[in-house]
Structure formats: structure tokens, C-alpha cells
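I opened this entry to keep a record of what I looked up, item by item.

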Amino acid sequence: KLQRGDIVIFERNGTCLVKRIAAVPGDTVYLDDQTHTVSVNVETENATRVLEVPEDSYFMLGDNAAVSIDSRYWEDPFILKNCIRAKVVLSR
């Protein structure tokens, strides 16, 4: 089962990307398009967009937020579950 915080490999527009799941189905995402900050399930006063994550979809963020092109910038901000190819599991 995929959860908030998981790192996944997925396909978007014919390219494989690696990002972290920031929001799962049913979550509410508050975006500030000025600062590009994101809040999940916590309402913020500066939100310029409020998105509900649809069933079988995920909202993705890159760990290096300053340079990551991710769900904050995509016209369709959600990645469908069937586009996810793998979950990254780190071992020590």
C-alpha cells in the first residue's frame, strides 16, 4: 500500500520520474502559488489553490523543492496509481 512519504518511480509523459508522495487519495492540498509552499490537510491563509486528491491518484513533491518540477507546477497535478512503476525501499 502506498502512503504519504513513500518515494516512488512513476511514468509521466513518457518519462520516468522519482518523487515523494506528499498527498494520497482523499487528502486536501493547500498550495500557495507565490511561494510554492504546500500544506496537506492543514488549511493555510495564503493558499491560492485548494485541491482534493482524487481516488487512485497521488500528489508528488521532489525532495529538493527549490529546483523540483513536480505536482505544484503540472497542469494536471495528480499521478494515477497505475502510472506508478515501483516504490523505492532503502536498506542499510
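**Cysteines**

I checked Cys 16 and found its sulfur 10 Å from the closest cysteine sulfur, that of Cys 83, which is too far for a bond. The model is a predicted one, and I read the distance as such. A disulfide needs its two sulfur atoms within 2.5 Å. I looked at the pair from the other end as well: Cys 83 is in no disulfide, and the nearest cysteine sulfur, in Cys 16, is 10 Å away. My count of disulfides is therefore zero by this rule. I also noted the accessibilities. Cys 16 is exposed, at 54% relative accessible area, while Cys 83 is partly exposed, at 23%.

**Aromatic pairs**

I counted two aromatic pairs. In one of them, the ring centres of Phe 10 and Trp 74 are 6.2 Å apart and the planes stand at 70°, so I logged the pair as edge-to-face. The angle falls in that class because edge-to-face takes planes over 60 degrees apart. Phe 10 sits in strand β1 (residues 7-12) and Trp 74 in the loop between β6 and β7, so I noted a link between distant parts of the chain, 64 residues apart. I looked up the burial of Phe 10 and Trp 74 too, and both are buried.

**Nonpolar cores**

I then listed the largest nonpolar core, which has 10 residues: Leu 2, Val 8, Phe 10, Ile 21, Val 24, Tyr 58, Met 60, Trp 74, Ile 79 and Ile 84. The elements giving two or more residues to this core are β1 and β6. A second, separate core has eight residues, including Ala 23, Val 53, Phe 59 and Phe 78. As background, I noted that nonpolar side chains tend to be buried together in soluble globular proteins.

For Val 24 I took the contacts beyond four places in sequence: Leu 2, Gln 3, Arg 4, Val 53, Ser 57 and Tyr 58.

**Val 38**

I placed Val 38 in strand β4. Val 38 is partly exposed, with a relative accessible area of 28%. Leaving out residues up to four places away in sequence, I found that Val 38 touches Val 29, Tyr 30, Leu 31, Phe 59, Leu 61 and Arg 72. I also took the C-alpha to C-alpha distance from Val 38 to Arg 49, which is 9.9 Å for 11 residues of sequence.

**Positive phi**

His 36 lies in the loop between β3 (28-32) and β4 (37-40), and I logged His 36 as partly exposed at 31% relative accessible area. Asn 41 also has a positive phi, near 65°. Asn 41 is in the loop between β4 and β5 (49-52), and is partly exposed at 42%. I flagged these values because most residues other than glycine have a negative phi.

**Ser 68**

I placed Ser 68 in the loop between β6 (57-61) and β7 (78-80). The side chain of Ser 68 makes a polar contact with the side chain of Asp 70, at 3.2 Å. Beyond four places in sequence, I found Ser 68 touching Lys 19, Gly 62 and Tyr 73.

Technical notes:
Residues numbered from 1 in each chain as written. Predicted model: local features only at pLDDT ≥ 70, side-chain atom pairs only at ≥ 80, totals over all residues. Heavy atoms only, no water. Helix = DSSP H or I, 4+ residues; strand = E, 2+ residues; numbered from the N terminus. Polar contact = N/O pair within 3.5 Å; in protein donor to acceptor, adjacent residues only side chain to side chain. Contact = heavy atoms within 4.5 Å. Buried < 20%, exposed > 50% of the residue type's maximum accessible area, 1.4 Å probe, protein only. Phe/Tyr/Trp six-rings, centres within 6.5 Å; stacked < 30°, edge-to-face > 60°. Core = buried A, V, L, I, M, F, W, Y, C linked by side-chain atoms within 4.5 Å.
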